[in-house]
Amino acid sequence: MYRIWFERALPGEHAHLIAGLAELLGPSTATPAEPLCAIGPAEAIVASARIRYDGALMDRCGQLRVIARTGVGYGNINLADATARGIAVCYTPDAPSVSTAEHAFALLLATVKHLKACDRALRKGGKVDYLNDYLGLELNGHRLGLVGMGRIGSRVARMAQAMGMSVVVYDPFVPAERAADCGVELAASLDELLGQADVVSLHLPLTAETRRLMNRERFAQMKRGAYLVNAARGGLVDEAALLEALESGQLQGAGLDVFDPEPPPPDHPLLDRDDCIATPHIGSATAEGRRRLWEGAISQALDVLGGRRPAHLLNPEIWR
């Protein structure tokens, strides 16, 4: 029987995935003083995003063979350290795609329709001339700018097109043929995209190059009165610069599922604004999305332990 350490407690509805195959280690035996007290015997780790998995941690597990991430991002796992120790690292890139794309588009709609402001005004009562004062945007005929068009961005593009929007994409990794097949236009640069999009939606990983990609200079390049949606990574946006852009009217609204750091403090200046829709990083947290995350990570961990190559191996050079 294999020994698998879980960073987050395994929900009961997914316990059948390891029944008879593995011994569960992890949160149930941890203590506040020593959350990793049970990790030593682990042959596999099912990792979330809250712990940094580096060589020092890996060396605590003398029999560790695989780290399986329940998600798309794997920046908290040191691939070089894992590879040096012959530890396979895998992730679940397809699991959250549908849920996150739907959530990003929900944020887009809620933002351009000013639902937060309308909800608050209605609750307060009083006379409001909604017919003349309401500033909601009709998406049909407007332009969506996608920064990144991978699994999630591609789905958002199709949703936007179904609403009658045209779509322009900046993604150096998308070939012209694929853009043509998807019915989107490719921008030659981010500057070009920002200058023509009515709504900009971010769908790219957080790296040293993309950190604070959306800063004061970038917001100034956007169309005045445009909207920003970020359901990717909080670190992509300079939040102080975003606040300035909203206060000045350069942007008319923002929809955010992610912050930096997370969770944001309750007194974060963006949270109480009528022109900012905020959710607590729940883009992938549907019942269906969670099921795919758990099943994908656990099945790949068991594949490695059973000598089978996992579907989404991040360091293929370790495979023999």
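This is a predicted model: local features need pLDDT of at least 70, side-chain atom pairs count only at pLDDT 80 or more; totals for chains, interfaces and linings use all residues.
Local features need pLDDT of at least 70 and side-chain atom pairs count only at pLDDT 80 or more, while totals for chains, interfaces and linings use all residues. Residues are numbered from 1 along each chain as its sequence is written, and side-chain values use heavy atoms, with hydrogens and water left out.

**View 1. Arg151 pairs with Asp94 in a salt bridge.** The closest N and O atoms sit 2.6 Å apart; a salt bridge here is a side-chain nitrogen of Lys or Arg within 4 Å of a carboxyl oxygen of Asp or Glu. Arg151 belongs to helix H6 (residues 151-162), and Asp94 to the loop between strand E5 (88-90) and helix H3 (97-112), 57 residues apart. Helices (H or I, at least four residues) and strands (E, at least two) are DSSP runs, numbered from the N terminus. Arg151 is partly exposed at 43% relative accessibility, and Asp94 is partly exposed at 42%. The cut-offs: buried is under 20% relative accessible area, exposed over 50%, partly exposed in between (1.4 Å probe, protein chains only).

**View 2. Glu185 meets Arg143.** Their salt bridge spans 2.8 Å, N to O. Glu185 is in strand E8 (residues 185-186) and Arg143 in strand E6 (residues 143-147), so the pair ties together parts 42 residues apart in sequence. Arg143 is buried at 13%, whereas Glu185 is partly exposed at 44%.

**View 3. Lys223 meets Asp198.** Here the N to O distance is 2.7 Å. Asp198 is buried, at 15%, and Lys223 partly exposed, at 31%.

**View 4. Arg120, Asp272 and Asp274 form one network.** Salt bridges with shared partners join these residues. The whole structure holds 17 salt bridges.
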